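Please read the following note beside the sequence and the 3D view. It is written for a colleague who is new to reading protein structures.

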Amino acid sequence: MIFQFESRVDMLRMMAALQVLPNTCLLAWGWRRRGLALGAGLLSALAMPPYGVWLVLALTLPALVWLLDGAVEQGKEGARQRWVAGFSIGWWFGFGYFLAGLWWIGSAFLVDGDRFAWMMPFAVLAMPVGLALFPALALAIAARFWPEGPARVLALALVLSGADYVRGHVLTGFPWNIFGYAFSETLILAQAASVVGVYGLGLLVTLILAAPAVAFDANARVQKLAIIGLSSVCLVGSLLFGAIRLVVLEDPQDTATELRIVQPAIPQAEKWLPENRDSIFERYISLSEQALEGDDRDGVERLLIWPESAVPFLLTVSPEAIVRIAGVVEGRSSFVTGAIRGEEAGGQTEYFNSVYLFDSDGTVQDVYDKVHLVPFGEYLPLEDLLNTLGLRALVTAPGAFQAGFRGRPLTLSSGTAFLPLICYEAIFPGLASAEGPRPDFLLNVTNDAWFGDTAGPYQHVSQSAIRAIEQGLPLVRAANTGVSAVFDAKGREVGILPVNIRGILLNRLPGKLSETIYGKYGDKIFLITQFLILILILFLRYNRTSRQN
């Protein structure tokens, strides 16, 4: 009997301890509430690569639910109070999340420190300040119509995943570190992206990991069990689907194409110095010769790949460089490289960030111009106005880049086709599909040297790998300083060169899977699911109200 009594006391103590966080959030107000929201945002960034501790969201997302509960209760009589409280919670949460997740952007301003170092503090703070408006508006809407009972978990998942979708499309879009990438480091859970895409994956993440909040609800037992059951079904279903896709779904055979990816590891601060032009080019040539040395087999398709804007000059107006490249490939390999392209238009030269495809005899076969340029990096919005304020684009080039017309595959002489994605084009799900015949693989060339060995390159490569899962296509990645990698059509890493390693990645090109559900329908499934969840919230709210009446 004494043992049973002590166990019961221990259980009560444990329950009281578990109740501390909900009570703290519910009773917080003013700066204390803002501080808790900020802390929840800072912690939530641990769910993103390279950390991938997605279970932290099972603490921070319920904290958001409880913070909104307390804010809505305190502002029960005024719609405006709800709006303001929800906006404040969302903004402070978003500010902490983006500050902790994107601090590494400041590294780019130190590459040319004499010109841009003064901008670093403004950029590191300004981006989180602006991006935080998306969760702020989302939670303001949620607070205004905050339902009672367990349905509020659905409401939080609806608005946060919706805010991610809007952020990925408004003002050119910036879908970096959206909540779906919390599962990117857990391959079995990431497979769901082949059906719902990364935005749908974000909906699953928020629904599953916000659900623990209702465990502390004192009433609405049926609805509580329904929400916990729904989130459990989503989690178990994602695990089962991932296991089936990874283990049961037959892997396609590797193709006959042999990849030779060159990673020169050239520091960004050295790349555009005129005195380094020849040595940089010779480094590429030397690594390429090593990649193809002694390989004279007939009937083997090889593809030599250099990263984004590989050489610090206009490649196609440098005949001696073309001759050297032709001498290296000499009928043994096709060649793809990122390069700056110049084109005369109206008496002046326009510049493009491009991918060139050379045939095995060293002649240009095709070219792709980057469609989605980086604002403030490759071009300045409102350029005339911002130039008067002393602002310049970060990328050192002969002039501001112009955007290409549309994404399209390039085709090797053998018929193997690939869809180029230059730099951060790889974070946009819509750019990984193009009109016309389906390509054989995705090719992401990038120059992540701007960000050194920070979290940035690791986040970039993880997000790029999700494109492989979404489309059921292998993804090949060539990065100046890393991470260069090859992922198969299920998003599994089959070859990698880490950050700041100079070398060559030799890999057979993996085969592609049949078209995925996401590849066929895109974000339509996510948007339909959003609508259905909204209907479910309205139904639960009406059902609860009708019972009270």
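The points below concern a predicted model, and they treat a sheet and then several salt bridges.

1. The sheet. Six strands make up an open sheet, arranged in the order β6-β7-β8-β9-β10-β11, with mixed pairing. The edges are taken by β6 (410-411) and β11 (493-497); each has a single partner strand, so one side of each is left without a neighbour in the sheet. As background, strands of a sheet pair through backbone hydrogen bonds, in either the parallel or the antiparallel sense.

2. A parallel pair within the sheet. Strand β8, residues 441-446, is paired with strand β9, residues 475-479, in the parallel sense, and five bridges connect the two. To locate this pairing in the 3D view, the reader may look for L442, whose bridge partner in β9 is L475.

3. A helix across the sheet. Helix α18, which comprises residues 455-471, lies across β8, β9 and β10 (484-487). Relative to β9, helix α18 runs at about 155 degrees.

4. Side chains of opposite charge can pair when their charged atoms come close. In this model, the count of salt bridges comes to 17. Three of them are discussed below.

5. R152 and D217. Which parts of the chain does this pair tie together? The closest N and O atoms of the salt bridge between R152 and D217 are 2.9 Å apart. R152 belongs to helix α10 (residues 151-167), while D217 is in the loop between α12 (193-210) and α13 (221-248), so the pair ties together parts that are 65 residues apart in sequence. Both residues, R152 and D217, are buried.

6. R167 and D164. R167 and D164 are each buried.

7. D251 and K490. The side chains of D251 and K490 meet in a salt bridge with an N to O distance of 2.6 Å. This pair links distant parts of the chain, 239 residues apart: D251 is in the loop between α13 and β1 (257-263), and K490 is in the loop between β10 and β11. Are the two residues buried or exposed? D251 is partly exposed, because its relative accessible area is 39%, which lies between the limits of 20% and 50%. K490 has 1% relative accessibility and therefore counts as buried.

Conventions. Residues are numbered from 1 along each chain as its sequence is written. This is a predicted model: local features need pLDDT of at least 70, side-chain atom pairs count only at pLDDT 80 or more; totals for chains, interfaces and linings use all residues. Side-chain values use heavy atoms; hydrogens and water are left out. Two strands pair if DSSP finds at least two bridges between them. Helices (H or I, at least four residues) and strands (E, at least two) are DSSP runs, numbered from the N terminus. Contact means heavy atoms within 4.5 Å. Axes are lines fitted to C-alpha atoms, for helices over the stretch in contact, and angles run from 0 to 180 degrees between N-to-C directions. A salt bridge is a side-chain nitrogen of Lys or Arg within 4 Å of a carboxyl oxygen of Asp or Glu. Buried means under 20% relative accessible area, exposed over 50%, partly exposed in between (1.4 Å probe, protein chains only).
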